Amino acid sequence: MVIKNIRKHPFLHPRNQMQKINATTLSELMSWPIPELFVPHRGTLTWYIFSQKAGSHWVDFNEIKVSPGHILFIGSGQAKRFDPRKSYDGKTLIFTDEFFCCTETHATFLKKTSLFCNQFRLTYFDVSVCQQDLMRFDGVEEERKRAVDKTQDVILQNHLFNIMLIAERRFGSIRKIFPPGRRELLIAGFKKLADQLGVTTRTLELAFAQIEGKRPKIWLMQRLALECKRRIINEETTINLIADKLGFKDASNFVKFFKTMTSMTPLAFRQLSRQG
């Protein structure tokens with residue numbers, strides 16, 4: 001199977017092209033004829049609430065063990081895939097940045113929330129204690145079934161914002177129980193803008209070694225390898241062009257780097273990822 005021209009939000013509205021938000025059950029999503037769901041693909045802002053244990057879900061090639069009552073947030077551009085051998089169920093919301101950011105307040109929230117851009121780990125946590133509140137999701141689902149009118153986008157955006165605020169409140173309580181330490185914050189700062197930290201290289205390396213278990217150079221190489229994987233599976237272009245976009249001198253250096261990091265060539269990785 002070959003994936004061609006994957007767009008920013010391929011799974012938003014397979015039945016209604018007018019909307020930039022989709023709310024459905026995972027079992028229904030799995031029933032749609034979308035084979036790309038089962039190979040690494042990029043999408044828009046997404047979250048899933050799982051209602052049953054169902055193996056694993058992969059985000060940026062990291063395995064998430066699916067547990068009932070847990071919510072998973074996935075940011076724009078992150079690579080994700082389901083396991084075709086498993087049956088998933090629960091709820092899902094999929095929407096674009098543009099749809100959510102209808103006001104300055106919404107845009108500021110999305111910029112500051114760590115739900116979709118958690119600096120320390122994938123945002124996956126237990127929401128069983130507030131799952132009834134999160135079921136305002138049903139309001140999104142019901143509103144989408146109504147005839148489209150000039151007020152519908154505003155109603156959907158308000159439903160979505162309420163859900164996001166509830167999730168942020170729950171995630172905030174978890175962060176208070178396990179607050180990031182000084183060195184974890186230092187690592188987060190490095191990942192954002194390393195050259196403006198104002199610390200010595202030795203301090204940074206010691207923090208990285210203790211928190212991340214690796215030197216900064218290794219983390220940067222792994223981050224570059226992740227971006228290589230994302231582009232290889234999602235861009236219908238040559239390895240030469242991908243190498244050039246990522247700043248490699250030539251394709252041979254790119255192939256050598258990728259093989260060192262993954263033990264396979266870029267073409268082999270592309271072919272394997274698309275087998276489903």
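Predicted model: local features only at pLDDT ≥ 70, side-chain atom pairs only at ≥ 80, totals over all residues.
Trainee: Which strands does β4 pair with?

Mentor: It pairs in the antiparallel sense with β5 (residues 62–65) over 4 bridges, and 3 bridges also join β4 to β7 (residues 79–82), again running antiparallel. If you want particular residues to look for, His 57 stands opposite Ile 64 in β5, while the bridge partner of Val 59 in β7 is Lys 80.

Trainee: How many residues lie between β4 and β5?

Mentor: There are 2 residues between β4 and β5, which form a hairpin, and Asp 60 in that turn has a positive phi of about 50°.

Trainee: Switching to the open sheet, what is its strand order?

Mentor: The order is β1-β8-β3-β6-β9, which makes 5 strands with antiparallel pairing. The edge strands, each pairing on one side only, are β1 (21–25) and β9 (124–126), and neighbouring strands of this sheet are turned by 15° against each other on average, with direction ignored.

Trainee: What holds strands like that side by side, in general?

Mentor: Strands of a sheet pair through backbone hydrogen bonds, and the pairing can be either parallel or antiparallel.

Trainee: Which residue in β6 stands opposite Tyr 48?

Mentor: Tyr 48 stands opposite Leu 72, and the strands concerned, β3 (residues 45–50) and β6 (residues 70–74), pair in the antiparallel sense over 4 bridges.

Trainee: And which helix packs on that sheet?

Mentor: Helix α5 (residues 137–144) packs on it, touching β1, β3 and β8 (90–95), and the direction of α5 makes about 110° with that of β1.

Trainee: New topic: how far does α9 reach from its first C-alpha to its last?

Mentor: Helix α9 (residues 216–234) has 19 residues and reaches 27 Å, close to the 27 Å expected at 1.5 Å a residue. Its buried residues include Trp 219, Leu 226, Arg 231 and Ile 232.

Trainee: Why does Arg 270 count as buried?

Mentor: Arg 270, which lies in helix α12 (residues 266–273), counts as buried because its relative accessibility is 13%, and the cut-off for buried is under 20%.

Trainee: Which residues is Arg 270 in contact with, leaving aside neighbours within four places in sequence?

Mentor: Arg 270 is in contact with Arg 231, Ile 232, Glu 235, Thr 237, Ile 239 and Ile 242; of these, Arg 231 and Ile 232 are among the buried residues of α9.

Notes: Residues numbered from 1 in each chain as written. Heavy atoms only, no water. Pairing = 2+ DSSP bridges. Axes fitted to C-alpha atoms, helices over the stretch in contact; angles between N-to-C directions. Contact = heavy atoms within 4.5 Å. Expected span 1.5 Å × (residues − 1). Buried < 20%, exposed > 50% of the residue type's maximum accessible area, 1.4 Å probe, protein only.
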